[in-house]
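Here is a quick briefing for anyone opening this structure for the first time. Keep the sequence and the 3D view side by side as you read.

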Amino acid sequence: MSTSNALGQESQEHNTQEHPIGLYLKIWVLLFVLSTLSYMVDYMQLQGYLRWTLIIIFMLLKAGLIVAVFMHMMWERLALIYAILLPPLCLLVLIGLMAIEADYTILMRYDFFGR
Amino acid sequence: MAHLLSEDSQLVKDWASDQDAFKGVSWGKAMMWIFLLSDTFIFSSFLVGYMTVRMSVTEPWPNASEVFALTIAGHHIPLILIAIMTFILITSSGTMAMAVNMGYARKRKQAARLMFVTALLGASFVGMQAFEWTKLIEEGVRPWGNPFGAAQFGSTFFMVTGFHGLHVSAGVIYLLIVARKIQLGHYEKEGNYQIVEIAGLYWHFVDLVWVFIFAFFYLW
């Protein structure tokens, strides 16, 4: 913060992440509920697409709550949000490529092992 | 979307400005975020590797629900230890968030105490993981094979949970050091308790990674 003092102070005031404990507790309860629900997916022995869809939904909700509230991302400036949250989208390409590769591998294995 | 990228959007102005792009974000916090971003790629590589082997094995994948089941007081409960570990880690995230709040309110005693509680919960998580590893190793799970099915189960399990456990252990040490410094009043002169928030970012990230491991490795 070596730039002009007034600006520095103003932006610092803007950026102390002071949020009420009540909000944290609410998110905490929500995370508990979501975790219980995702455990129930296994406990109830749900299978197939229903199981996978529910797992993904609960996972994304939990991840979103943690990043947005506990890690304060929803109160940060866009410049930081974009710098941190956009790059991981590249991973979708990796996931796609490796899924194609794995598909190829298993077909080759079936071919070789004669199943 | 268009207005985000127009010339006078805050985003474009921040990134196009001299010296610092992250206005009002201290270097400590920006660097922690960038470190966490790099860590995201490491964990993602492990999980994508896991996906690749799991999709390409011809033997059946061991049923995690059964492998991680425990018999408690005569009841056979699937995946129970992992569920308890999940709740412990979420609870530790809650106490960490409260510590950040106390830090900014300049109640340093409470902030330090909450961080010690967080570290204790983290240590108990690692303890349970050690128990889980011991149990599996006794049952014959090895990185190169196991009695339940596809051999790759062991290698991915030890790799993914081991790397995560290492992060939790490092986090416990990190929290203990910061909490001790707060207790001793190292930050009293400056009155700046952002260090709690930065340590908290790391801790919440460890919890975040567990959310993905829990979903993809244990539940899938």
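Let's start with helix α5 of chain A, residues 91-113: at 1.5 Å a residue, its 23 residues should span 33 Å, and its end C-alpha atoms sit 32 Å apart, so the two agree. (The expected span is 1.5 Å times one less than the number of residues; helices are DSSP runs of H or I with at least four residues, strands are runs of E with at least two, and both are numbered from the N terminus.) Bear in mind that this is a predicted model, where local features need pLDDT of at least 70, side-chain atom pairs count only at pLDDT 80 or more, and totals for chains, interfaces and linings use all residues. Residues are numbered from 1 along each chain as its sequence is written, while chains are lettered from A and ligands numbered from 1 in the order in which they are written.

**More on α5(A)**
- Of the 23 residues of α5(A), the number buried is zero, so this helix lies largely in the open. (Buried means 20 or more other C-beta atoms within 10 Å of a residue's own, exposed means 12 or fewer, and partly exposed is in between, with C-beta atoms placed from the backbone.)
- Leu94(A) is found in this helix, and it counts as partly exposed because it has 15 C-beta neighbours inside 10 Å.
- Leu94(A) and Met44(A) are 50 residues apart in sequence, and 33 Å apart in space from C-alpha to C-alpha.

**Chain B on its own**
- Chain B has eight helices and two strands, running α-α-α-α-β-β-α-α-α-α along the sequence.
- Its C-alpha trace spans about 60 × 45 × 25 Å along the principal axes.
- Of the 220 residues in chain B, 38% count as buried.
- Among contacts in chain B with a separation of 6 or more, 69% come from residues 24 or more positions apart. (Two residues are in contact if their C-beta atoms, placed from the backbone, lie within 7 Å.)

**Where the chains meet**
- 43 residues of chain B are in contact with 50 residues of chain A.
- On the chain B side, α2 (10-16), α3 (27-56), α5 (80-104) and α8 (194-219) each supply at least two residues, and α5(B) gives the largest share, ten residues.
- By class, that side of chain B has 25 nonpolar, 14 polar and four charged residues. (Ala, Val, Leu, Ile, Met, Phe, Trp, Tyr, Cys and Pro count as nonpolar, Asp, Glu, Lys and Arg as charged, and the others, Gly among them, as polar.)
- Helix α2 of chain A (residues 21-43) packs against α5(B) at an angle of about 170°, with the axes 10 Å apart, so α2(A) and α5(B) are roughly antiparallel to each other. (Axes are lines fitted to C-alpha atoms, for helices over the stretch in contact, and angles run from 0 to 180 degrees between N-to-C directions; under 35 degrees is roughly parallel, over 145 roughly antiparallel, 65 to 115 roughly perpendicular and the rest oblique.)
- Residues making this contact include Trp28(A) and Phe32(A) from α2(A), and Phe87(B) and Met98(B) from α5(B).

- The complex gets an ipTM of 0.89 and a pTM of 0.90.
- Chain B has a mean pLDDT of 92, with 97% of its residues at 70 or more. (pLDDT is the predictor's confidence in each residue, from 0 to 100.)
- Chain A averages a pLDDT of 86, and 86% of its residues score at least 70.
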